[in-house]
Amino acid sequence: VCSSDLQPPSVPGNPPIVLGVLPNSGSHTGGTAVVLQGLYLSNATAINFGGTNVTSFTVTNQNNITFTTPAGTVGAITITVTTPYGTGQGVNIFSYT
């Protein structure tokens, strides 16, 4: 084996962990500016907010993502964040009013 053929081992990243969202409630008509909090969020490729994909979001750092909520159905929802390393989920951490 030639030394130029050797590659460092692939180091997998951590899947995202969804911890919460501020504020934790908003109108079912959408339009609430929120900050999603968690760990390992910097490589986020998609966010699903209560069954609706968020079309635009900003990763502010590895622990926070900002976006505006889409319209939804009154009640508690699940939020998922997808990265190349997996999907994290926060269950009942936001409620539409």
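The following legends describe close-up views of a predicted model of one protein chain.

**Figure 1**
The chain contains zero helices and nine strands. Along the sequence the pattern therefore reads β-β-β-β-β-β-β-β-β. Of the 97 residues in the chain, 31% are buried. Among contacts with a separation of 6 or more, 55% join residues 24 or more positions apart. The accessible surface of the chain is about 5,600 Å², and 52% of this surface belongs to carbon and sulfur atoms.

**Figure 1. Four strands make an antiparallel open sheet.**
The order of the strands in this sheet is β1-β3-β7-β6, and the pairing is antiparallel. At the edges are β1 and β6, each of which pairs on one side only. On average, neighbouring strands of this sheet are turned by 25° against each other, direction ignored. Five bridges hold the antiparallel pair β1 and β3.

**Figure 2. A hairpin joins β6 and β7.**
Strand β6 covers residues 57–61 and pairs with β7 in the antiparallel sense over four bridges. The two strands form a hairpin, with two residues between them. Within this pairing, T58 stands opposite T66 in β7.

**Figure 3. Five strands make a second open sheet, with mixed pairing.**
Here the order is β2-β9-β8-β4-β5, and the pairing is mixed. Strands β2 (25–26) and β5 (52–53) are at the edges; each has a single partner strand, so one side of each has no neighbour in the sheet. Strand β4 (residues 46–49) and β5 run antiparallel and are joined by two bridges. N48 stands opposite N53 in β5.

**Figure 4. I77 is a buried residue in β8.**
I77 lies in strand β8, which spans residues 75–83. Is I77 buried or exposed? Its relative accessibility is 7%, and buried means under 20%, so I77 counts as buried. Leaving out residues up to four places away in sequence, I77 touches F49, G50, G90, V91, N92, I93, F94 and Y96. One of these, Y96, is 19 residues from I77 in sequence, and the C-alpha atoms of I77 and Y96 are 7.7 Å apart in space.

**Figure 6**
The whole structure has four aromatic pairs. In one of them, the ring centres of F94 and Y96 are 5.4 Å apart and the ring planes are at 80°, so this pair is edge-to-face. Both F94 and Y96 are buried. F49, F67, F94 and Y96 together form one aromatic cluster.

In soluble globular proteins, nonpolar side chains tend to be buried together. Beyond four places away in sequence, the residues that V81 touches include P16, V18, L36, L41, I47 and I65.

**Figure 5. T69 is a buried loop residue.**
T69 is in the loop between β7 and β8. Its relative accessibility is 4%, so T69 counts as buried. Not counting residues up to four places away in sequence, T69 touches G30, G31, T32, V34, F49, F94 and Y96.

The peptide bond from L22 to P23 is cis, with omega near -10°. P23 lies in the loop between β1 and β2. Which residues other than glycine have a positive phi? Y40 has a phi of about 60°, and N92 has a phi near 60°. Y40 is in the loop between β3 and β4, whereas N92 lies in strand β9. With 37% relative accessibility, Y40 counts as partly exposed. N92 has 52% relative accessibility and so counts as exposed.

Conventions
Residues are numbered from 1 along each chain as its sequence is written. This is a predicted model: local features need pLDDT of at least 70, side-chain atom pairs count only at pLDDT 80 or more; totals for chains, interfaces and linings use all residues. Side-chain values use heavy atoms; hydrogens and water are left out. Buried means under 20% relative accessible area, exposed over 50%, partly exposed in between (1.4 Å probe, protein chains only). Contact means heavy atoms within 4.5 Å. Two strands pair if DSSP finds at least two bridges between them. Rings of Phe, Tyr and Trp (its six-membered ring) pair if their centres lie within 6.5 Å; planes under 30 degrees apart count as stacked, over 60 as edge-to-face and the rest as tilted. Accessible areas come from the Shrake-Rupley method with a 1.4 Å probe; for residues, only the protein chains shown count as cover. Axes are lines fitted to C-alpha atoms, for helices over the stretch in contact, and angles run from 0 to 180 degrees between N-to-C directions.
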